[in-house]
Amino acid sequence: MIVFCFDSDKKTENIFRDIIDSNDFGVEKFYFNDKPESVAFSGNAGSIVAFIDTRIQEKKRNSFFLAVRFREKYPDSHIVFMSLYPEDMPLCFKNLIRPSGFLLKPIAPPEISELLHSISQHERKTAKTNIIHISTREYKYNIEINKILYLSTVGKKLYVKMTNGEKLEFYGTLSALEKEYDNFVRCHSGFLVNKLYIKGIKRGEVELVGCSETLPVSKKYKGVIENIG
């Protein structure tokens with residue numbers, strides 16, 4: 001798990017470091033930064049938690065813009081807001097940010113510990129269950145579901161489009177996968193799309209998070225996709 005903390009208060013940094021060093025939350029890296037614009041949003045990452053002070057600025061844009069960028073780049077990340085101002089809370093639930101928590105400052109260390117513990121337990125549990133098993137004549141694949149962008153079918157073959165651009169093919173049916181894994185939703189008779197990467201519908205096509213590619217949407221499934229995106 002990678003933990004980011006965007007705050008200008010060095011006391012907050014010390015609290016986080018003490019908690020992470022003294023607990024087994026599975027934190028591999030911790031980054032404290034009061035200049036969000038210096039963080040590179042590129043490449044793939046594992047489990048990510050971002051603690052963001054609501055009043056921190058990024059290139060003269062507020063913390064909610066930063067949170068939206070995080071959500072777009074890492075759809076399954078956990079975003080936690082921190083603030084001295086209770087009135088900031090409603091703003092945290094706009095723009096499909098889907099925060100995992102809101103901590104009111106001054107933050108008591110047990111609050112951070114409890115939240116990190118809950119997130120750690122959730123990540124360890126989902127790591128065991130969010131795997132899709134695919135077999136071909138030559139290989140067997142165990143793929144993390146959050147690395148699958150969508151699945152499509154042509155004839156009797158299924159194609160798996162990965163978030164890194166890789167494409168796998170095997171024999172099977174979309175219906176079987178749709179029944180077994182609720183992480184995907186059908187947008188068309190020939191496509192299952194990962195719910196994590198649905199950005200919305202535009203001109204009758206599904207727009208995907210972090211990808212310029214779009215997928216067709218049939219009238220039958222349009223309502224379902226709109227409720228997710």
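Visitor: In what order do the five strands of the open sheet come?
Guide: First, some ground rules: this is a predicted model, where local features need pLDDT of at least 70, side-chain atom pairs count only at pLDDT 80 or more, and totals for chains, interfaces and linings use all residues. Residues are numbered from 1 along each chain as its sequence is written, and side-chain values use heavy atoms, leaving out hydrogens and water. Strands are DSSP runs of E, at least two residues, and helices are runs of H or I, at least four, numbered from the N terminus. Two strands pair if DSSP finds at least two bridges between them. Here the order is 10-9-8-12-11, with antiparallel pairing.

Visitor: Why is one side of strand 10 and of strand 11 left without a neighbour in the sheet?
Guide: Strand 10 (167–171) and strand 11 (184–188) sit at the edges with a single partner strand each, so one side of each has no neighbour there.

Visitor: How many bridges join strand 8 to strand 12?
Guide: Three bridges link strand 8 (residues 148–154) with the antiparallel strand 12 (residues 191–194). Look for L151, which stands opposite L192 in strand 12.

Visitor: Is S120 buried or exposed?
Guide: Buried means under 20% relative accessible area, exposed over 50%, and partly exposed in between (1.4 Å probe, protein chains only). S120, in helix 3 (residues 109–129), has 3% relative accessibility, so it counts as buried.

Visitor: Which residues is S120 in contact with, beyond its neighbours within four places in sequence?
Guide: Contact means heavy atoms within 4.5 Å. For S120, those residues are M1 and F25.
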